[in-house]
Amino acid sequence: MATVADAADQLLYRPEEAAKALRIGRSMVYEEIRLGRLQTVRIGRRRLVPPEYIAQYVELLKREAEATV
């Protein structure tokens, strides 16, 4: 089992791991991927999320929050 320290060193996250990192549900991650709001890379049939795409998604959420204020 990976620890929080190990997670910071990960190069690619499974959608379930990205959900944990973002503190949202797995189905929400898949919905955001489907909508194109959270980008992924493909390796074979697997979808994986690089940490920089998670950071970009968080920035998107911040911009949306600022736009509604």
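This is a predicted model: local features need pLDDT of at least 70, side-chain atom pairs count only at pLDDT 80 or more; totals for chains, interfaces and linings use all residues.
Visitor: Glad to be here! What is the order of the elements from the N terminus on?

Guide: Welcome! They run α-α-α-β-β-α, and the protein has four helices and two strands.

Visitor: Why is Thr40 called buried?

Guide: Its relative accessibility is 18%, and buried means under 20%, so Thr40 counts as buried. Buried residues make up 25% of the 69 residues in the protein.

Visitor: Where does Thr40 lie, and which residues is Thr40 in contact with, leaving aside its neighbours within four places in sequence?

Guide: You will find Thr40 in the loop between α3 (26-35) and β1 (41-43). With those neighbours set aside, Thr40 is in contact with Ile33, Arg47, Leu48, Val49 and Tyr53.

Visitor: What makes the pairing of the side chains of Thr40 and Arg47 a polar contact?

Guide: The value given for this pair of side chains is 2.6 Å, and a polar contact asks for N or O atoms within 3.5 Å, one able to donate a hydrogen and the other to accept it.

Visitor: Now to the helices. Why are α2 and α3 called roughly perpendicular?

Guide: Helix α2 (residues 15-22) and α3 pack at an angle of about 105°. Angles of 65 to 115 degrees count as roughly perpendicular, and therefore α2 and α3 are described that way. Their axes are 8 Å apart.

Visitor: Which residues meet there?

Guide: From α2 come Pro15, Glu16, Ala18 and Ala19, which meet Arg26, Val29 and Tyr30 in α3. The residues of this contact divide into five nonpolar, no polar and two charged.

Notes: Residues are numbered from 1 along each chain as its sequence is written. Side-chain values use heavy atoms; hydrogens and water are left out. Buried means under 20% relative accessible area, exposed over 50%, partly exposed in between (1.4 Å probe, protein chains only). Contact means heavy atoms within 4.5 Å. Axes are lines fitted to C-alpha atoms, for helices over the stretch in contact, and angles run from 0 to 180 degrees between N-to-C directions. Angles under 35 degrees count as roughly parallel, over 145 as roughly antiparallel, 65 to 115 as roughly perpendicular and the rest as oblique. Ala, Val, Leu, Ile, Met, Phe, Trp, Tyr, Cys and Pro count as nonpolar, Asp, Glu, Lys and Arg as charged, and the others, Gly among them, as polar.
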